[in-house]
2 protein chains.
Amino acid sequence: MFTVISLADKFHLFQEPWHPKIVGELNDSYVKLAKLKGEFVWHHHENEDELFLVIKGTLVIKLRDQELTIHAGEFVVIPKGVEHLPVAEEEVQVLLLEPKSTLNTGNVQNERTVEAEWI
Amino acid sequence: MFTVISLADKFHLFQEPWHPKIVGELNDSYVKLAKLKGEFVWHHHENEDELFLVIKGTLVIKLRDQELTIHAGEFVVIPKGVEHLPVAEEEVQVLLLEPKSTLNTGNVQNERTVEAEWI
């Protein structure tokens with residue numbers, strides 16, 4: 001049996017910002033949902049490109065030489081190796097698509113590092 | 001320079017149904033947008049799981065033993081090997097995520113087979 005996944009229903013299941021949740025998998029990747037609020041940490045992913053599709057709110061992703069503003073209904077792909085800092089002035093709901101090997105803080109391991117779990 | 005991609009802007013660039021357009025790439029996959037209207041063809045993908053995220057409208061995906069109804073803001077993953085038939089009674093706008101090797105008609109090659117192009 002296959003299940004249709006509602007983004008809104010899944011977003012209702014959690015509140016904590018910066019704790020991505022897994023809601024689907026395909027090929028070698030996970031579909032994750034995350035709520036973002038405030039500033040994250042500068043990091044990059046050694047081997048993984050990462051897609052950010054904004055579902056609600058406005059996400060800023062700072063790069064070392066550019067700043068991206070992503071509104072609901074817009075996405076960006078941050079290629080592997082590119083340092084980035086996500087910033088959400090107000091709460092942002094985002095869909096992430098990234099290889100299963102991806103750690104939320106990339107090359108950095110600190111108190112913001114979390115293991116994504118299925119919901 | 002990185003570009004923020006607006007789904008609405010990209011959907012304005014084409015009309016023809018069942019002709020997926022490439023709007024992004026990450027890892028070994030493409031992000032594609034498609035407009036669907038009417039009934040497609042039964043097919044499966046030998047090696048590729050495929051994600052359908054409905055942006056607008058209501059998509060029905062018939063499986064051999066189940067029928068999935070996917071509304072805007074919902075997604076399904078159709079795993080490799082699973083026969084499926086997308087049906088859109090009214091126009092549907094959908095975001096697809098699938099490996100670059102994926103052909104729209106999967107194991108079937110006929111007049112509905114098209115090569116996706118970048119927009």
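The radius of gyration is taken over C-alpha atoms, and the globule rule I compare it with is 2.2 Å times the number of residues to the power 0.38.

**Entry 1. Model and conventions**

I am working from a predicted model, in which local features need pLDDT of at least 70 and side-chain atom pairs count only at pLDDT 80 or more, while totals for chains, interfaces and linings use all residues. Residues are numbered from 1 along each chain as its sequence is written, and chains are lettered from A and ligands numbered from 1 in the order in which they are written.

I looked up the confidence next, where pLDDT is the predictor's confidence in each residue, from 0 to 100. Chain A averages a pLDDT of 95, and 100% of its residues score at least 70. For the complex, the predictor gives an ipTM of 0.94 and a pTM of 0.95.

**Entry 2. Chain A as a whole**

For 119 residues a compact globule would have a radius of gyration near 14 Å, and I find 13 Å for chain A, which agrees. Along the principal axes, the C-alpha atoms of chain A fill a box of roughly 45 × 30 × 25 Å.

I counted secondary structure from DSSP runs, numbered from the N terminus (helices are H or I, at least four residues; strands are E, at least two). Chain A has one helix and nine strands, and its pattern along the sequence is β-α-β-β-β-β-β-β-β-β.

For burial I used C-beta atoms placed from the backbone: a residue is buried with 20 or more others within 10 Å of its own, exposed with 12 or fewer, and partly exposed in between. By that count 39% of the 119 residues of chain A are buried.

For contacts, two residues qualify if their C-beta atoms, placed from the backbone, lie within 7 Å. I took the contacts in chain A between residues at least 6 apart in sequence, and 64% of them join residues at least 24 apart.

**Entry 3. Strand S4 of chain A**

Strand S4 (residues 50–56) of chain A is mostly covered, with five of its seven residues buried. I call two strands paired if DSSP finds at least two bridges between them. S4(A) pairs with S7(A) in the antiparallel sense over four bridges, and A:Leu53 stands opposite A:Phe75 there. S4(A) is also joined to S8(A) by five bridges, again antiparallel. In that pairing A:Phe52 has A:Leu96 as its bridge partner.

**Entry 4. One residue, A:Glu39**

I picked A:Glu39, which is found in strand S3 (residues 29–39) of chain A. A:Glu39 counts as partly exposed because it has 14 C-beta neighbours inside 10 Å. Leaving aside neighbours within four places in sequence, A:Glu39 is in contact with A:Leu85 and A:Val87. I also noted A:Glu89, 50 residues from A:Glu39 along the chain, with 7.8 Å between their C-alpha atoms.

**Entry 5. Strand S7 of chain B**

How many residues of S7 (residues 74–78) of chain B are buried? Five of its five are, and the strand is mostly covered. In a regular strand the side chains alternate between the two faces of the sheet. I checked each face of S7(B): B:Glu74, B:Val76 and B:Ile78 are buried on one side, and B:Phe75 and B:Val77 are buried on the other.

Within chain B, four bridges join S4 (residues 50–56) to S7(B) in an antiparallel pairing, where B:Glu50 stands opposite B:Ile78. From the other chain, strand S1 (residues 5–6) of chain A is joined to S7(B) by two bridges, also antiparallel. A:Ile5 stands opposite B:Phe75, and A:Ser6 stands opposite B:Glu74.

**Entry 6. The contact between the chains**

The contact takes 26 residues from chain A and 26 residues from chain B. On the side of chain A that touches chain B, the elements giving two or more residues are S1, helix H1 (7–11), strands S2 (21–26), S6 (67–71), S7 (74–78) and S8 (84–99). S7(A) gives the largest share of that side, four residues.

I sorted residues by class: Ala, Val, Leu, Ile, Met, Phe, Trp, Tyr, Cys and Pro count as nonpolar, Asp, Glu, Lys and Arg as charged, and the others, Gly among them, as polar. The side of chain A that touches chain B has 17 nonpolar, six polar and three charged residues.

**Entry 7. How the copies are related**

I superposed the copies by least squares on the C-alpha atoms of residues with pLDDT of at least 70 in both. A rotation of 180 degrees, with 0.0 Å of shift along its axis, puts chain A on chain B at an RMSD of 0.0 Å. The two copies are therefore related as by a two-fold rotation axis. The same surface serves both copies, as 100% of the contact residues of chain A recur in chain B.
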